[in-house]
Amino acid sequence: MGFNETDTGASSGRQVEALAAFLLRRYAEELQSICLASDPNLHYPLCIDFAELVDYDPPLAHLVFSEPAQHLPLFDDAAVWAHKVVLGDMKGKGCGVKKDCIHVRINICGSPLECPDDVIVTGIVTSRWSPDLKDVRCDLDPMLIANHI
């Protein structure tokens, strides 16, 4: 995995490398199909799932989510860089055209961003007595002891 949240002063080149490593690992086929397209002047979208970015590198996903204006252009640079890597691998086959306009689009469907009120919690449900007040009926309050959120 690429980026560590403690590296807040890291250069944009390091962030581009981490993002490109993610794209090469998870979206190599899409990058190959962009290489095979014939028109180098078109703008090509590369649609990624935010949930996959969260799964791959949570601190990096948090940075992209919290500062999109700063990190989405870096994602575009990483897509062009990853495209050049894939294109270099394809040169032996004699196919592929260099593209300079590849733009990352982030799909949030199925990610925590889609339904921020819903949380999946793994744990144990127990109960406890509600506070004791004189002449007031005591009830059991459900309580969740979470192992993982």
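At 0% relative accessibility, His83 counts as buried (under 20% relative accessible area; over 50% is exposed and in between is partly exposed, with a 1.4 Å probe and protein chains only). His83 is found in helix α5; helices (H or I, at least four residues) and strands (E, at least two) are DSSP runs, numbered from the N terminus. Leaving aside neighbours within four places in sequence, His83 is in contact with Leu31, Ile34, Cys35, Val97, Lys98, Lys99 and Ile102, where contact means heavy atoms within 4.5 Å.

This is a predicted model, in which local features need pLDDT of at least 70 and side-chain atom pairs count only at pLDDT 80 or more, while totals for chains, interfaces and linings use all residues. Residues are numbered from 1 along each chain as its sequence is written, and side-chain values use heavy atoms, with hydrogens and water left out.

## Ile34 and Lys99

One of the residues touching His83 is Ile34, which lies in helix α2. Ile34 counts as buried, at 6% relative accessibility. Not counting residues up to four places away in sequence, Ile34 touches Tyr44, Pro45, Leu46, His83, Lys99 and Ile102.

Lys99 is in contact with His83 and with Ile34. Lys99 also lies over the face of Tyr44, at 5.5 Å from the ring centre; a charge sits over a ring if NZ of Lys or CZ of Arg is within 6 Å of the ring centre and within 35 degrees of the ring normal.

## Overall layout

The protein has five helices and four strands. Along the sequence they follow the pattern α-α-β-α-α-α-β-β-β. Of the 149 residues, 28% are buried. Among contacts with a separation of 6 or more, 63% are between residues 24 or more positions apart.

## The nonpolar core

In soluble globular proteins, nonpolar side chains tend to be buried together. The largest nonpolar core here has 31 residues, of which Phe22, Leu23, Leu46, Ile48 and Phe75 touch the most other members. Such a core is a set of buried Ala, Val, Leu, Ile, Met, Phe, Trp, Tyr and Cys residues joined through side-chain atoms within 4.5 Å. At least two residues of this core come from each of α1 (12–26), α2 (28–36), β1 (44–49), α3 (50–56), α4, α5 and β2 (102–107). Helix α5 supplies the largest share, nine residues.

Phe75 touches Leu19, Phe22, Leu23, Ile48, Leu53, Val64, Val104 and Ile106, not counting residues up to four places away in sequence.

## Aromatic pairs

There are four aromatic pairs in the structure. Rings of Phe, Tyr and Trp (its six-membered ring) pair if their centres lie within 6.5 Å; planes under 30 degrees apart count as stacked, over 60 as edge-to-face and the rest as tilted. Phe22 and Tyr56 have ring centres 5.2 Å apart and planes at 50 degrees, so the pair is tilted. Because Phe22 lies in helix α1 and Tyr56 in helix α3, the pair ties together parts that are 34 residues apart in sequence.

Both Phe22 and Tyr56 are buried. Phe22, Tyr27, Tyr56 and Phe75 form one aromatic cluster.

Phe50 is placed in helix α3 and counts as buried, at 6% relative accessibility. The C-alpha atoms of Phe50 and Ala61 are 7.5 Å apart, and the two residues are 11 apart along the chain.

Helix α4 (residues 58–66) packs against helix α5 (residues 68–90) at an angle of about 115 degrees, with axes 6 Å apart. Axes are lines fitted to C-alpha atoms, for helices over the stretch in contact, and angles run from 0 to 180 degrees between N-to-C directions. Leu63, Val64, Phe65 and Ser66 of α4 meet Pro68, His71, Leu72 and Phe75 of α5 in this contact.
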